[in-house]
Amino acid sequence: MAKPDDRSDNAEKLQQMISNTEENIRESEDYLAAHAGEISGEERASLEAKNQRREESIEGYRAEIKDESSQA
């Protein structure tokens with residue numbers, strides 16, 4: 001038998017995911033700043049693209065939180 005769908009803590013989990021993703025962005029930006037002269041343009045572009053995807057994920061998480069709160 002399938003478990004019931006318990007979404008009571010989804011907003012809390014999504015908020016934690018936002019916090020973790022924001023921390024990853026900060027760490028990546030700090031790395032880029034600290035090693036600017038040591039990394040290749042390709043690596044810089046890759047990290048910047050990854051941060052862009054992270055920003056998009058955060059937007060999605062926020063939309064999910066909004067959706068969760070409207071269903072409550």
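This is a predicted model: local features need pLDDT of at least 70, side-chain atom pairs count only at pLDDT 80 or more; totals for chains, interfaces and linings use all residues.

User: What makes arginine 44 and glutamate 48 a salt bridge?

Analyst: The test asks for a side-chain nitrogen of Lys or Arg within 4 Å of a carboxyl oxygen of Asp or Glu. For arginine 44 and glutamate 48 the N to O distance is 3.5 Å, so the pair passes that test.

User: Why is arginine 44 called partly exposed?

Analyst: Its relative accessible area is 27%. Buried means under 20% and exposed means over 50%, so a value in between is partly exposed. Glutamate 48, at 42%, is partly exposed too.

User: How many salt bridges does the whole structure have?

Analyst: A search finds 4. One of them joins lysine 13 and aspartate 9, whose closest N and O atoms are 3.6 Å apart. Lysine 13 is partly exposed at 48%, and aspartate 9 is partly exposed at 28%.

User: What about arginine 62 and glutamate 22: how far apart are their closest N and O atoms?

Analyst: They are 3.1 Å apart, and the pair forms a salt bridge. Arginine 62 belongs to helix α2 and glutamate 22 to helix α1, so this pair ties together parts that are 40 residues apart in sequence. Arginine 62 has a relative accessible area of 46% and glutamate 22 has 26%; both lie between the two cut-offs, so both count as partly exposed.

User: How do you know how the length of α2 sets against what is expected?

Analyst: Helix α2 covers residues 41-71, 31 residues in all. From first C-alpha to last it reaches 45 Å, close to the 45 Å expected at 1.5 Å a residue.

User: Which residues of α2 are buried, and what covers them?

Analyst: The buried ones are Leu47, Asn51, Arg54, Ile58, Tyr61, Ile65 and Glu68. Their cover includes α1 (10-34).

User: What makes up the largest nonpolar core?

Analyst: It has 6 residues: Leu14, Ile18, Ile25, Ile58, Tyr61 and Ile65. Helices α1 and α2 each supply at least two of its residues.

User: Which residues does isoleucine 65 contact, leaving aside its neighbours within four places in sequence?

Analyst: Those are Ala11, Leu14, Gln15 and Ile18.

Notes: Residues are numbered from 1 along each chain as its sequence is written. Side-chain values use heavy atoms; hydrogens and water are left out. Helices (H or I, at least four residues) and strands (E, at least two) are DSSP runs, numbered from the N terminus. The expected span of a helix is 1.5 Å times one less than its number of residues. Buried means under 20% relative accessible area, exposed over 50%, partly exposed in between (1.4 Å probe, protein chains only). Contact means heavy atoms within 4.5 Å. A nonpolar core is a set of buried Ala, Val, Leu, Ile, Met, Phe, Trp, Tyr and Cys residues joined through side-chain atoms within 4.5 Å.
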